[in-house]
Amino acid sequence: SALSSSFDGLAKFNYYADPSDTFTLFSGQGFEEYNAYQPYDPSESPDQVYHFDANGASSFDTGEFQQDHQVQHYYLNYLNYKHNFTPKSFLSERVYTLTMPTEFHEENTSGLYERTDPSTIGNQLDYTNQISPRYQLRAGMLYLQQKTDYNIVANLGGPPMIPLSTENPFYY
């Protein structure tokens, strides 16, 4: 579906290399935007019309009303390989990435901009064997590497904030 403030898109492709081997490529992504509560009438408070400057580390006066809002995104992608030993026994390996960045534009409501950018890279290996109608053997390993970049601007029109590290000079 595609609306003015949201989107969800999914795509899945299967490639059957032979009767025993299958490759699957999957991609899913989307976003949703939410308007934030603003406890004032913008026509009565023309001095509170700030918005985050994407090229700097502070808010700036837009000169017109800017609705505070929150935007949530997700991006899930994976490549899967499945090998069938028999119709009841198979091995599957999946490599995937998941990121879910979120932005909070609350310059006018509380005087801050916040962005989180959590990401995960995963590698999953599974073996399944349907031993009998009542018993199934499943074994596997999962490796997850996670990180979260986080930046926040908590001033209006002040000097830029100092970076937390030299490795991420744009994350405050």
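Contact here means heavy atoms within 4.5 Å, and that idea opens the first view below. Welcome to a predicted model, in which local features need pLDDT of at least 70, side-chain atom pairs count only at pLDDT 80 or more, and totals for chains, interfaces and linings use all residues. Residues are numbered from 1 along each chain as its sequence is written, and side-chain values use heavy atoms, with hydrogens and water left out.

**View 1. His-69 and the residues it touches.** Start with His-69, which lies in strand S6 (residues 69-86); strands are DSSP runs of E with at least two residues, numbered from the N terminus. With residues up to four places away in sequence not counted, His-69 touches Glu-33, Tyr-34, Asn-35, Ala-36, His-51, Glu-103, Phe-104 and His-105. His-69 counts as buried because its relative accessibility is 11%. For these labels, buried means under 20% relative accessible area, exposed over 50%, and partly exposed in between (1.4 Å probe, protein chains only).

**View 2. Arg-115 and its salt bridge with Glu-103.** A salt bridge is a side-chain nitrogen of Lys or Arg within 4 Å of a carboxyl oxygen of Asp or Glu. Here the closest N and O atoms of Arg-115 and Glu-103 are 2.9 Å apart. Arg-115 sits in strand S9 (residues 112-130) and Glu-103 in strand S8 (residues 102-106), so this pair ties together parts that are 12 residues apart in sequence. Arg-115 itself is partly exposed, at 21% relative accessible area. Look also for Asp-117, which forms a salt bridge with Arg-115, their closest N and O atoms being 4.0 Å apart.

**View 3. The salt bridge of Asp-149 and Lys-147.** How many salt bridges does a search of the whole structure find? The search finds 3, and one of them joins the side chains of Asp-149 and Lys-147 at 3.6 Å, N to O. Asp-149 is buried, with 12% relative accessible area, while Lys-147 is partly exposed at 49%. Elsewhere, shared partners join Glu-103, Arg-115 and Asp-117 into one salt-bridge network.

**View 4. A nonpolar patch on the surface.** Phe-13, Tyr-15, Phe-23, Leu-25 and Leu-79 make up this patch, with about 530 Å² of accessible area together. Patch residues have over 30% relative accessible area and no salt bridge; like charges are joined within 9 Å, and nonpolar side chains (Val, Leu, Ile, Met, Phe, Trp, Tyr) within 5 Å. Accessible areas come from the Shrake-Rupley method with a 1.4 Å probe, and for residues only the protein chains shown count as cover. Strand S2 (6-18) and strand S3 (21-35) are the elements that give two or more residues to the patch. Leu-25 lies in strand S3 and is partly exposed, with a relative accessible area of 46%.

Technical notes: Helices (H or I, at least four residues) and strands (E, at least two) are DSSP runs, numbered from the N terminus.
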